[in-house]
Every structure is written in C-alpha cells, then in structure tokens.
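Biologist: I want to know what stands behind the words used for a model like this. Can we go through them one at a time?

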Amino acid sequence: MSSDANPYLAHHFDDIVQQHESVSLGMWIFLLTEIMFFGGIFFAYTIYRFLYPDMFHAMSHHLDVTMGTINTGVLLTSSLTMALAVNAAQRGMKKRLVTMLGVTCAAGVIFLVIKYFEYAHKFHVGSVPGRLWTFETEFGNQAQLFYSLYFGATGLHGLHVLIGVVIIGVLTILAWKDKLPQGRAQRVEMVGLYWHFVDLVWIFVFPLFYLIGRT
Amino acid sequence: MGLNEQAHGQDHGHSLKAYYLVYLLLMVGLAATVWVAYIDLGWLSTPIAMAIATTKAFFVVMIFMHVKDATPMIWVTIVMGLVGLSLGFIFLFCDYAAR
C-alpha cells in the first residue's frame, strides 16, 4: 500500500514516516518541559539536602520503605505492560491491546491507592507541613522542609499518574470499542512515552526520598 | 500494512524479548537499590544509588521509549533536555563547592 492512500495520514504531511517523526518530536519536546519541571524539584532537594543532611537522613526513616518498594515494582511492571500495549497496537492485536492497557491502568490505580495510605498515615501523625504540622522531632520546624519536598515531589508525580490513568483508561475503552485500529497505533505510542516518563521520575524519587541514611 | 508497520517494520520479532529482559533488569535494579541502601557505604551511598537509577532510566529510555531506533532529530531533542538539566546541576554543585 502506498502511503498517500493511507486514511490515517494527515493531509499536511508528505508521508507516514514524516508524520510519525513530527508527532514524536512534539511529544519529546513536551517531555523536555517535564524534565525541567521535575528538575526544579530535584534542584531544591539538592540545595536543602546539602544544608540539612542530618535532618534529611532522619526524616527519610519515617517514610515507609515497604510501600515505596511495592509502588516502585507496580510502576515498573506497568511500564512493561505499556510497552507491550504499544507493540500490540502496532501489530493490530486488539484483544492483547485492551488487556495490556487495562493492566497498565489498573497498576496506576494500585499505585495511587498505596500512595493514599502513605499520605493518610502522614496526616494521622501530623507530618504534613503547614497548619496541620504536629510532628515532634529534634529538628523542630526544619523537618517541614523535608516533608514539603516529599509532598511536592510525590504529589506532582501522583498527579501525573492520575492524569496517565485517565488517559490510559480512555484508550482502553477506545481500543475495546474498536476505535483504535492499527493505523492509530501512534496514539498509544505517545501515551506510552508519557507513562514511561512518569516511571522515570519515580525511579529517581524513590531512592532520594525513601532510602537515604538507612544504615 | 498499517501505519506503524511501515515506520517500525523491522523490529517486531525480537522486541518483545528485549522488553522482558529490560523488565527483569529493572526488577533486579529495584532489589539492588533497596539492598545498597542498607549497606554502609559512607558518602558513596547516594552516588551509587543514582548510578543504579540512571542505569534503570537508560534502559527505559532506550528500549521502552524506543530511543534506540529514534531519528537524529529526536536524539538532538533529548540531548538538549539532558544538557539543560545537567547545566542546572553543574551550576548548583559549583555554587556549593565555592562556599
């Protein structure tokens, strides 16, 4: 089949390869802005960790390593299923596509549920910076800095997971209703890039917040 | 032949195997991350943890995000992002070292 006969080729592109590269480029430029967005949090983290290393190490102990590890595993697994979903979409395997997207979406929900229990615990013990702060430590109000960064980083990451869950949920329904044919596989591929990016952020958040000063 | 068959026609046979392999590597990486956190490595703890995280990230980007097979334009874009991020950290560490 020649590419100019392809119903999925937008009229302003010469061919399907050019369309594919343009769409990918747009997505990567968006991810670039996301790198700088999360980069800002990591810059702030670096500055404050240098200023108050002992406080950071002590506060990290109050985070739940078990829940953090399970959540990391859940996200990594969802990245695999997302990659498999993209592959299924490219090969036009509908049933496999629906399953993989569904599993990815479910993993995102599991991540958020675990995150909810972690947050709920922090509200319970009063380690929430600001008006609700009642957490007694030897570091006094300094400790609020760690939790501000923790809630900032994991909150923004969680928001990205939530957005991903909604988008992947919609894709699952579209795929199930036969509205994601092989020719539209690039939609799944671009959402996949976003989902892998969310996973990447967590790969760095997890050791930097949960696992410092454990020895 | 669909849209993406034409764009990525060549790599369907072995790509799934690569995905499972990367997943295995990521899980081993996760175990390693948690394991080294409980070993007393002194000041090396954080650099080692970041080295493991960067390795994990490398495979996610290359294989899951298909950057291995991406066009030069995409490569340039990604490198610019990493340059921007690195500049931030370089300035930050220079400032810290100069105090």
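What follows is a short talk about the terms used for this predicted model.

Biologist: What scores does the model have as a whole?

Modeller: The model scores ipTM 0.91 and pTM 0.92.

Biologist: Why is Val166(A) called exposed?

Modeller: Count the other C-beta atoms within 10 Å of its own. Val166(A) has 12. The cut-off for exposed is 12 or fewer. So Val166(A) counts as exposed.

Biologist: Where does Val166(A) sit?

Modeller: Val166(A) lies in helix 5 of chain A, residues 143-176. Its C-alpha atom is 9.7 Å from that of Val109(A), and 57 residues separate the two along the chain.

Biologist: What makes helix 3 of chain A roughly antiparallel to helix 4 of chain A?

Modeller: Look at the angle. Helix 3 and helix 4 (residues 94-125) of chain A pack at about 160°, with axes 8 Å apart. Angles over 145 degrees count as roughly antiparallel. Therefore this pair is roughly antiparallel. The crossing of helix 3 and helix 4 of chain A is left-handed. Their contact has 18 nonpolar, 6 polar and 3 charged residues.

Biologist: Why is helix 6 of chain A called roughly antiparallel to helix 3 of chain B?

Modeller: Here the angle is about 175°, and the axes are 9 Å apart. The cut-off is again over 145 degrees. So helix 6 of chain A is roughly antiparallel to helix 3 of chain B. The contact of these two helices divides into 9 nonpolar, 1 polar and 2 charged residues. Among the residues that meet are Leu200(A), Ile203(A) and Phe204(A) from helix 6 of chain A, and Ala53(B), Lys56(B) and Val60(B) from helix 3 of chain B.

Biologist: How many residues does each chain give to the contact between chains?

Modeller: Chain A gives 48 residues and chain B gives 42. Helix 1 of chain A gives the most to chain A's side, with 16 residues. That side divides into 26 nonpolar, 18 polar and 4 charged residues.

Biologist: How do you know where confidence is lowest in chain B?

Modeller: Compare the mean pLDDT values. Helix 1 of chain B (residues 3-7) has the lowest, at 46, while helix 3 of chain B has the highest, at 96. For chain B as a whole the mean is 87, and 86% of its residues reach 70 or more.

Biologist: What is the pLDDT over residues 1-7 of chain B?

Modeller: Over residues 1-7 of chain B the pLDDT is below 50. Where pLDDT is low, the predicted coordinates should not be read in detail.

Methods. Residues are numbered from 1 along each chain as its sequence is written. Chains are lettered from A and ligands numbered from 1 in the order in which they are written. This is a predicted model: local features need pLDDT of at least 70, side-chain atom pairs count only at pLDDT 80 or more; totals for chains, interfaces and linings use all residues. Two residues are in contact if their C-beta atoms, placed from the backbone, lie within 7 Å. Helices (H or I, at least four residues) and strands (E, at least two) are DSSP runs, numbered from the N terminus. Ala, Val, Leu, Ile, Met, Phe, Trp, Tyr, Cys and Pro count as nonpolar, Asp, Glu, Lys and Arg as charged, and the others, Gly among them, as polar. A residue is buried if 20 or more other C-beta atoms lie within 10 Å of its own, exposed if 12 or fewer, and partly exposed in between; C-beta atoms are placed from the backbone. Axes are lines fitted to C-alpha atoms, for helices over the stretch in contact, and angles run from 0 to 180 degrees between N-to-C directions. Angles under 35 degrees count as roughly parallel, over 145 as roughly antiparallel, 65 to 115 as roughly perpendicular and the rest as oblique. A crossing is left-handed if the near helix is turned anticlockwise from the far one by less than a right angle, and right-handed if clockwise. pLDDT is the predictor's confidence in each residue, from 0 to 100.
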